[in-house]
Amino acid sequence: MPANQPSAEPLVQISDLSYAYNSNGGRRILDGINMTIPRGKVVAIMGGSGCGKTTTLRLIGGQLRPLHGEVRVDGQVVHQLNRNQLYLLRREMGMLFQFGALFTDISVFDNVAFPMREHTKLPDEMIRDLVLMKLHAVGLRGAAHLMPNELSGGMARRVALARTIALDPKLIMYDEPFTGLDPISLSVVGQLIRKLNDALGASSIVVTHDVASSLKIVDYVYFVSEGRIAAEGTPEEIQNSAIPFVKQFVQAEPDGPVPFHYPAMNYREELLASHA
Amino acid sequence: MPNADLIRTIGRQVNNGIWRLGYAARFAMIMLLQSGIAFRRFHLTIKEVYFTGVLSLIIILVSGLFVGMVLGLQGYNTLQRYGSSESLGVLVALALVRELGPVISGLLFASRAGSAVTAEIGLMKATEQLSAMEMMAVDPIGRVVAPRFWGGVIAMPLLAALFSAAGIFGGYLVGVQLIGVDEGSFWSQMQSSVDFHEDIVNGVIKSVVFGILVSIIAVFEGYDSVPTAEGVSNATTRTVVTSSLVILFADFILTALMFRGT
């Protein structure tokens, strides 16, 4: 049993993972993915929009069931857990959603306090101190009394991050943390992802298509394209990669292995056909 | 073959309808099983009673008052032709307690509170708040859906009772104060003719049933909505339409069971 030496084993082990929304033969979102998230590292999953990055996170969190293969988190196969075991496992996970997903009817303070109040019996004073510490870590202690609709996009993301780390998770997952942020917020969030990971001794998975922001902070990169892993390596290896798809992505070229044009019939024929 | 197409379409629609009904029933079962939290942490449910009940008070009380006033006017017109205008109190009270109280407050409740619950749950889904809760190891069906359901079930009979009370007061205003029906016979005939079990309890049973139906439709439509602006707006519309039809249908069934031959 791996329980004897838990630190040697990676925190998340994805083997031969496949997924399709339509279980009887629809298009596969993921097709035989293998990934390893070692403990203490920040790993990025990159790829174009709709390539199955977010689906991967949902499979790790047990919100979806794989078609084939398995996800192991801390030695447990996620889709074989029963409801209580899954909920216990999720207490060790934090997930930052694309736009924060803050609860809009309660204040910033109550948002961060939410997981603590739901899962612990800590007295109110202690919850208050913990919430302020979490908010301080993301630089928003002064915003505790605000409502979510009073926050800018970057602030909302940071509050959501404080809520994500409220219970000191072992695994932090970020779903497109850089989308729609200005350059300052961008580097703030990037720095926080790295710093919080190291300070909490956690492991992080960053799903993103933002090459510039993520390559600065991550330890390892998986490139996903059309449901398969197209490339993997350290940020340097990715930056110097000769693989056409990766090169197009990193250099942000409009045309290449990922075509500019959506598949269509011959241009000339289509134009002429309309006159026929 | 247009006929074959027609039959095929009907078949598909019926199949879909039944499938959706089964899906809703399954959802309701899961919600009832997860309802513990709505009672263990009763303040969550109380908050929903406030949102669905207290905030609906204005529309319920004002509508009740006017419905009662109209009943007073119309009832007097008819009754005085037969020389029995003192029975106005009985007519107003029976009409409200047996039928109009539960039914109209049910319809108002569906459009005021049911639609709000659907829109709220739908938007929470669209903005990933429900997913976020799930990932925080908190079951949204227990934490979000169940308190809203029970809040509606508690609020609805209270609103129906207040509606009837406001209506009787409206009938009194028009009948006694405006037209001049004898005040003593207005109240005493009402007291002697309205039966506690036959009329009031049956009316309360109706309002409880309507409360359960509207609340389950509202939370189901919200939870099942397509998580887009269009999807949430469709779900809200469906809540009002379905609830209204279900209330009227259920009212017919209940009336047939409760008041046959008496």
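## Contact between the chains

Contact here means heavy atoms within 4.5 Å. By this criterion, 22 residues of chain A and 17 residues of chain B take part in the contact in this predicted model. The two chains bury about 1800 Å² between them, 54% of it on carbon and sulfur atoms; buried area is the accessible area (1.4 Å probe) lost on putting the two parts together, summed over both. A:Tyr87, A:Phe103 and A:Glu118 supply 26% of the area that chain A buries against chain B, more than any other three residues.

## Salt bridges

Five salt bridges are found across the interface of chain A and chain B, each requiring a side-chain nitrogen of Lys or Arg within 4 Å of a carboxyl oxygen of Asp or Glu. The side chains of A:Arg58 and B:Glu128 meet in a salt bridge, at 3.2 Å from N to O.

## Nonpolar cores

A nonpolar core is a set of buried (under 20% relative accessible area, 1.4 Å probe, protein chains only) Ala, Val, Leu, Ile, Met, Phe, Trp, Tyr and Cys residues joined through side-chain atoms within 4.5 Å. The largest such core has 57 residues, of which A:Val12, A:Ile60 and A:Met173 touch the most other members. Apart from this core lies another of 49 residues, including A:Val108 and A:Ile217.

Leaving aside residues up to four places away in sequence, A:Ile60 touches several residues, among them A:Val12, A:Val71, A:Leu171 and A:Met173.

## Basis of the values

Residues are numbered from 1 along each chain as its sequence is written, and chains are lettered from A in the order in which they are written. In this predicted model, local features need pLDDT of at least 70 and side-chain atom pairs count only at pLDDT 80 or more, while totals for chains, interfaces and linings use all residues; side-chain values use heavy atoms, leaving out hydrogens and water.

Terms used: Buried means under 20% relative accessible area, exposed over 50%, partly exposed in between (1.4 Å probe, protein chains only).
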